[in-house]
Amino acid sequence: MNTVHDTVVQAPPAPTKDIVTRGLQQAMKPRQLVMMSLGGAIGAGLFVGSGAGIAVAGPAVLVSFLIAGFLVVLVMRMMGEMVAADPDSGAFSVHAEKAMGPIAGRTIGWLYWVQVVIVVAAEATAAAAITAASIPAVPQWAAALFYMSVLTAVNLAGVSRFGEFEFWFAALKIAAIVGFLGIGSAMIFGWIPSFDAPALANLTGHGGFAPNGVTGIAAGLLIVVFAFGGTEVMAIAAAETSEPRRNVSRAVRSIVWRILVFYIGSVLIMVTVLPWTAEELSSGPFVAVLNAAHVPGAGAVMTVVVVIALLSSLNAMLFSGSRMIYSLSERGAAAKIFGRVSSNGVPRLAVLASVAFGFLTVVLNYLAPERVLPLLLNAVGSTILVLWTFVTVSQIVLRRRAEKEGRNDLPLKMWGFPYLSYVALALLAAVAVLALFDDAARNQLIATLTFTCAITLACWVLGRRQRRTSGDTQSTIEHAH
């Protein structure tokens, strides 16, 4: 243990110069970053996962969403503080390196990249499965191949093209939710003649507001906290805007209340309009509400929206994954070839490396289409908890260091520091403890922690080899002189 500790302490600190954005084009527009931040937080977790939360917690899933929403708001604010002060395409990986040493930074960077690689494949598979179910003439593997090819081309076309594509993806998702909120509110207030408004009966009936008690709320929290994954894309993308410090502050400030309105508002409508015991809520909550309002073509519209949500997530994850391995390459933690940038400012080999596994799953979708998605989703596990923990610890260390050095002019500051930062850390620990009491979640958490330790060991070994090589080279130079 002492050897590892000494290695971290003695390693040279990361340079303060923003070396990681060298070669990348700062061509993303502020509106694209803001919309991408919103889109990253509004994914399949809301459109699909909210139904699973309702099934275990009943109307009290609102409490689960409030707790999870509060946590993600804290994490985003902490992430925003670090990015505004030090914008970098390596984002939280670079910040962890500056706060806790190169091993910590490389560990979270590689862990995030592996998660992204798997998520890209999972999103493509899920979108392809829905497409194949809706259009039987289209094989699942063909749909997966089409989606992967198109979005790879988008990412290779340049950051401005990517940003515009993601802007409209996010705009469509937000328009769908705004429409849902409008129809749902009309149902609650009795403005739709074909629907009998239940007032608040569904919130208190059918076993009460919390039919499964605190246990149900905890189980719901365990499900919905993962619905907020994807918000970290904003931190990575900010480095490729023209004024990263200003734009990330704007994005963080605008996204906080909108996330809560979209998530809490949507779920409130679901559990108010229909009894939480309604079977259709668990499988497709948005479609269930719209069908109850007798909206024609509701199922088809929401199917398209869910596919768009999945492809939007795929697009953003591919972008963030390519920038992360690019950043690792720039810091000597990945092969130098991933740091090469094309004439349009795109790290092409980094993009292709991040998408390669997704194309491999196209073959798996051909061989065993029904088994691919569950395996991929299982593999992602609890990575988001590890990532958010690194973000929280990094922010606490870097903020204290800034205050000690008298740097109090940060562009964006975490509220109530250090108290709310420690609250976030406590909430993350509570979610991890809850996971230990759930069989599936426990297995995922253990697998994630084991994999994290394996990456840490590999980074430590690589770091020792690099230092030994550097030392030998230095000795040779001194001997020659």
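1. Start with asparagine 202: setting aside neighbours within four places in sequence, asparagine 202 is in contact with Pro59, Val271, Thr272, Val273, Leu274 and Pro275 (contact means heavy atoms within 4.5 Å). The residue sits in helix H9, residues 201-204. Helices here are DSSP runs of H or I with at least four residues, strands are E runs of at least two, and both are numbered from the N terminus. Asparagine 202 counts as buried because its relative accessibility is 6%; buried means under 20% relative accessible area, exposed means over 50%, and partly exposed is in between, with a 1.4 Å probe and protein chains only. Its side chain also reaches the backbone oxygen of valine 273, at 3.1 Å.

2. Some ground rules before going on. This is a predicted model, where local features need pLDDT of at least 70, side-chain atom pairs count only at pLDDT 80 or more, and totals for chains, interfaces and linings use all residues. Residues are numbered from 1 along each chain as its sequence is written, and side-chain values use heavy atoms, with hydrogens and water left out.

3. On the overall picture, the chain has 20 helices and 0 strands. Of its 481 residues, 54% are buried. Take the contacts between residues at least 6 apart in sequence: 82% of them join residues at least 24 apart.

4. Helix H5 (residues 92-100) deserves a look. With 8 of its 9 residues buried, H5 is largely enclosed by the rest of the structure. Just after H5, glycine 101 takes a positive phi of about 105 degrees.

5. Now for H5 against H6. The two pack at an angle of about 160 degrees, with their axes 6 Å apart (axes are lines fitted to C-alpha atoms, for helices over the stretch in contact, and angles run from 0 to 180 degrees between N-to-C directions). That makes H5 roughly antiparallel to H6; the cut-offs are under 35 degrees for roughly parallel, over 145 for roughly antiparallel, 65 to 115 for roughly perpendicular, and oblique for the rest. The crossing is right-handed, where right-handed means the near helix is turned clockwise from the far one by less than a right angle, and left-handed means anticlockwise. On the H5 side the contact uses Phe92, Ser93, Ala96, Glu97 and Met100, which meet Pro102, Ala104, Gly105, Ile108, Gly109 and Tyr112 in H6. By class, the residues of this contact come to 7 nonpolar, 3 polar and 1 charged. Here Ala, Val, Leu, Ile, Met, Phe, Trp, Tyr, Cys and Pro count as nonpolar, Asp, Glu, Lys and Arg as charged, and the others, Gly among them, as polar.

6. H6 (residues 102-134) also packs on H18 (residues 383-404), at about 150 degrees and with the axes 10 Å apart. H6 is therefore roughly antiparallel to H18, and this crossing is left-handed. Ala104, Ile108, Leu111, Tyr112 and Gln115 in H6 meet Thr383, Val386, Leu387 and Phe390 in H18.

7. Glycine 163, in helix H8 (residues 159-188), counts as buried at 0% relative accessibility. Leaving aside neighbours within four places, glycine 163 is in contact with Met28 and Gln32; from arginine 31 it is 132 residues away in sequence but 9.1 Å in space, C-alpha to C-alpha. Threonine 448, in helix H20 (residues 439-480), is buried with a relative accessible area of 5%, and its side chain reaches the backbone nitrogen of serine 382 at 3.0 Å.

Notes
Polar contact = N/O pair within 3.5 Å; in protein donor to acceptor, adjacent residues only side chain to side chain.
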